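Hi,

Here is the structure I said I would pass on. Have a look at it first, and then read my notes below.

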Amino acid sequence: MANNFKISESEIQTQCEYMKRVAAIVSPFSPKAHIRTYGCQQNEADSERIAGMAAEMGYTLTENVEEADLIIVNTCAVREHAELKALSVTGQFKHLKEKKKSLVIGMCGCMVSQEHRKEDIKQKYPYVDFSFGTSMLYRFPEILYTCLTKNKRAFYLDTASSGNIAEGLPVVRGSAFKAWVSVMYGCNNFCTYCVVPYVRGRERSREKEKILREVSSLAASGYREITLLGQNVNSYGKDLYGDSYDFADLLSDVCKIDGEFMVRFMTSHPKDASKKLIDTMAENDKVAKQFHLPLQSGSNKILKAMNRVYTKEKYLELVEYMRRKMPDISITTDIIVGFPGESEEDFLETLDALEKVRYDNIFSFLYSPRKGTPAAGMENTVPSDVKNERFERMLKLQNEISNGKNQAYVNTVQRVLVEGRSKTDTTRLTGRNEKNRLIHFEGDDSLIGNMADILVERADTYALYGKLVK
Ligand code: SAH
Ligand code: SF4
């Protein structure tokens, strides 16, 4: 089966030409680029591509926005809060433009992939020079070149190309030991609350050879952790290989690559998380024994209204199978509180699921209506005080569970990948074990990017604390 979505090599070549042209214009001024990223790992991965292209065009990357000549805001649209955050941050850049007229400000990502937001930016943010939708990421060099040479604002939304896959773009990775590798883009699921299918287009898989080559090169460069990314990784390959090669096959092939690295993946939709995938995980030491399996709600009525296409019972069966195959697997989830029509009984079903599964961690969200999605037009909305009250009750329950799980680690030795200095206490290093559990300990910077064994001495709801044993 052919992938109709692949962008031709000649188109990528065209963009390489634009990179050279931009470099010829800006390089003499030693320009600096600042990239601000909101949202999920997919956005982070996209920003690494933007950084790669910016570097190729002669920009040095900077964390300090004050000194930037180019600012790119990569936005999220999954909840209103994320949109408001990106808008307010962009608003703060107005004064920078007033100080430095040559500053170029661009926006990209999911928020500006919506027509109404694109128009908002055009009308209300006159100091933003351009925006482009997620499907046009590879055309960033051309868009920037046009901006620099035409001196005209432009806001691009190419919905016709919302199925694009661009291979071979340059990349500057945010870490020297942890890497994102996109295996597919887009989503076909249309959960009724979710904006993702509208802003990221339909599901399309990267060719397996391209993925395996990328992982091999990361492993050869010493990367310790590789996370395979997709909105619904379990659909991997359907568009390219039908039933003959699926995500479990890909995972198994990734594990055959030489090197001392650990593999994670996200996200799995419970409706197609297969037993084959679970078996593949169980059989391969390289796969971290951690599974993110978004439940969203424990009520079958709400799951149906959300178009999730599984029941609580099916979900629990899947969890049971996982635990049978990998007794110490860590399971995490996403929950939406206050979906339209959620009654107290429905909510109690969600609490019941939390008690039954005993998740290692949950990511919980207040339902946020998204323009253009079916749920935004649903009646029986849940008042915000009720949503908030449910949210608090859920957190209290989960905190007890998480704390109990963390206490069980005390007096055990955990192998962690050391990620860096703790953000809240720079005297400590912080790392994550295979289960993705955060562990703080004292040590020197030479450990960063390496594995270390930590004796856990105490634990709280959010993290473990210990000392280096090796
Ligand atoms: N493809 C992934 C992630 C989607 S977005 C998946 O299917 O799990 C990440 C999470 O944001 C979702 O799992 C959901 O819990 C939450 N989310 C999505 N839309 C939302 C909305 N409108 N309001 C509140 N939370 C939402
Ligand atoms: Fe959104 Fe559902 Fe697709 Fe996840 S599976 S991205 S929640 S539509």
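Which domains does the domain assignment of the chain give? There are domain 1 (9-155), domain 2 (175-288), domain 3 (293-407) and domain 4 (413-468), with bounds that come from an automatic or database domain assignment.

Before you dig in, some ground rules: this is a predicted model, where local features need pLDDT of at least 70 and side-chain atom pairs count only at pLDDT 80 or more, while totals for chains, interfaces and linings use all residues. Residues are numbered from 1 along each chain as its sequence is written, chains are lettered from A and ligands numbered from 1 in the order in which they are written, and side-chain values use heavy atoms, with hydrogens and water left out.

Back to the domains. The C-alpha centres of domain 1 and domain 2 are 28 Å apart. Their contact (heavy atoms within 4.5 Å) takes 15 residues from domain 1 and twelve residues from domain 2.

Next, the inside. In soluble globular proteins, nonpolar side chains tend to be buried together. A nonpolar core here is a set of buried Ala, Val, Leu, Ile, Met, Phe, Trp, Tyr and Cys residues joined through side-chain atoms within 4.5 Å. Buried means under 20% relative accessible area, exposed means over 50%, and partly exposed is in between (1.4 Å probe, protein chains only). The largest core has 58 residues, and Leu228, Phe247 and Phe265 touch the most other members. Helix α10 (residues 247-255) gives this core its largest share, six residues. Domain 2 (175-288) and domain 3 (293-407) both contribute residues, so the core lies between them. Leaving out residues up to four places away in sequence, Phe265 touches Thr227, Leu228, Val233, Phe247, Leu251, Leu277, Met281, Val287 and Phe291. There is also a second, separate core of 26 residues, with Val73, Cys76, Leu96 and Ile105 among them.

Now for two helices. (Helices are DSSP runs of H or I with at least four residues, strands are runs of E with at least two, and both are numbered from the N terminus.) In α10, the buried residues include Phe247, Leu251 and Cys255.

Helix α5 (residues 115-124) has Arg117, Lys118, Asp120 and Ile121 as its buried residues. Down the axis of α5 they fall within an arc of 155°, so they line one face of the helix. Among the elements covering them are α3 (80-92) and β4 (104-109).

Most residues other than glycine have a negative phi, and most peptide bonds are trans. Met266 and Thr267, however, are joined by a cis peptide bond with omega about 5°, and Thr267 sits in the loop between β11 and α11. Arg358 has a positive phi, near 50°, and is partly exposed at 39% relative accessibility. For Asn380, phi is near 60°, and this residue is exposed at 61%.

Cheers

Technical notes
Arc of directions from axis to C-beta.
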